[in-house]
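I hope they are handy to read with the structure open beside you.

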Amino acid sequence: SSGINAEWPLRPGSEEWGNEPVEAENEGWGDAAPADDNAPDWGDNIADDVEAEMADIFVFGKWNPAEVQMKDISLTDYIGIKDKYAVYLPHTAGRYAKKRFRKAQCPIVERIVCSMMMHGRNNGKKQMTMKIIKHAFEIIHLMTNENPLQILVDAIINSGPREDSTRI
């Protein structure tokens with residue numbers, strides 16, 4: 001004998017590995033257990049937690065991106081503001097320039113913050129540009145009493161070229 005317990009792979013009440021009682025075969029791992037108020041939460045409902053968490057994301061802790069309405073459906077794929085693009089702060093440290101067109105997956109507020117970090121003295125100062133954008137959103141909210149994210153999306157839509165506006 002090599003010192004390994006010969007009874008180890010056997011389960012109580014079974015003679016061979018895998019021979020389990022009939023009751024155990026009918027139990028499903030995905031079946032819902034009866035509701036018990038004292039039962040511990042093992043984190044089985046992760047999808048529910050993610051959906052609940054997504055509903056609570058506010059940009060800068062104030063403005064809800066779920067309220068933003070896209071008036072131009074052709075730009076919904078390129079203006080990341082809702083769902084998986086919703087962030088608390090526009091500082092994801094994502095590598096959006098690694099592949100072509102990946103920058104479309106970057107949250108739009110972060111793209112504006114990154115585009116403001118230009119011209120020598122402002123290079124790399126993302127915290128400063130985040131503060132500028134936050135204060136600008138505050139001013140927009142005070143002046144218009146609307147969601148500044150909606151104003152931003154409308155401005156981006158209005159700035160794009162329209163049909164028959166290019167010269168050949």
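1. The secondary structure of this predicted model comes to five helices and zero strands. Read from the N terminus, the order of elements is α-α-α-α-α.

2. A word on the overall packing. Of the 168 residues in the protein, 23% are buried. When contacts between residues at least 6 apart in sequence are taken, 53% of them join residues at least 24 apart.

3. Helix α4 covers residues 126-144 and helix α5 covers residues 148-159; their axes come within 9 Å and cross at roughly 95°. Because 65 to 115 degrees counts as roughly perpendicular, α4 is roughly perpendicular to α5. On the α4 side, the contact is made by Phe137, Ile140, His141 and Thr144. The α5 side supplies Pro148, Leu149, Ile151 and Leu152. By class, the residues of this contact are six nonpolar, two polar and no charged.

4. The next pair is α3 with α5. Here the axes come within 11 Å, with a crossing angle of roughly 70°, and α3 and α5 are therefore roughly perpendicular to each other. Ile108, Val109 and Ile112 of α3 meet Leu149, Leu152 and Ile156 of α5. The residues of this contact divide into six nonpolar, no polar and no charged. Please look at Leu149 and Leu152 in particular: both take part in the contact of α5 with α3, and both also take part in the contact of α5 with α4.

5. Which residues of helix α3 are buried? In this helix, residues 108-116, they are Ile108, Val109, Glu110 and Val113. The cover over the buried residues of α3 includes α4 and α5. Ile108 and Val109 are also among the α3 residues that touch α5.

6. Threonine 129 sits in helix α4 and counts as buried, because its relative accessibility is 1%. Neighbours within four places in sequence aside, threonine 129 is in contact with Val113, Met116 and Met117; Val113 is one of the buried residues of α3. Isoleucine 132 is also placed in helix α4. With a relative accessibility of 39%, isoleucine 132 counts as partly exposed. From isoleucine 132 to methionine 116, the C-alpha to C-alpha separation is 9.4 Å, and the two are 16 residues apart in sequence.

7. How many cavities of 30 Å³ or more does a search of the whole structure find? The search finds one. The largest cavity holds about 60 Å³ of space. Its lining is made of Val59, Pro65, Gly80, Ile81, Tyr85, Ala86, Val87, Pro90, Pro107, Ile108 and Val109. Sorted by class, these lining residues are ten nonpolar, one polar and no charged. Ile108 and Val109 turn up again here: they line the cavity, and they belong to the contact of α3 with α5.

8. I would also draw your eye to the backbone of the loop between α2 and α3. Most residues other than glycine have a negative phi. Alanine 93 is not a glycine, yet its phi is positive, at about 55°. Alanine 93 lies in the loop between α2 (46-55) and α3, and it is exposed, with a relative accessible area of 62%. Phenylalanine 101 likewise is not a glycine but has a positive phi, of about 70°. Its place is in the loop between α2 and α3, and phenylalanine 101 counts as exposed because its relative accessible area is 59%.

9. Arginine 95 has a relative accessibility of 60% and so counts as exposed.

Conventions:
Residues are numbered from 1 along each chain as its sequence is written. This is a predicted model: local features need pLDDT of at least 70, side-chain atom pairs count only at pLDDT 80 or more; totals for chains, interfaces and linings use all residues. Side-chain values use heavy atoms; hydrogens and water are left out. Axes are lines fitted to C-alpha atoms, for helices over the stretch in contact, and angles run from 0 to 180 degrees between N-to-C directions. Helices (H or I, at least four residues) and strands (E, at least two) are DSSP runs, numbered from the N terminus. Angles under 35 degrees count as roughly parallel, over 145 as roughly antiparallel, 65 to 115 as roughly perpendicular and the rest as oblique. Contact means heavy atoms within 4.5 Å. Ala, Val, Leu, Ile, Met, Phe, Trp, Tyr, Cys and Pro count as nonpolar, Asp, Glu, Lys and Arg as charged, and the others, Gly among them, as polar. On a 1 Å grid over the protein atoms alone, a cavity is a set of points where a 1.4 Å probe fits but cannot get out, and a pocket is an open set with protein on both sides within 12 Å along at least five of seven lines; lining residues have an atom within 4 Å of a point. Grid points are joined across faces, edges and corners, and a volume is the space filled by probe spheres set on the points. Buried means under 20% relative accessible area, exposed over 50%, partly exposed in between (1.4 Å probe, protein chains only).
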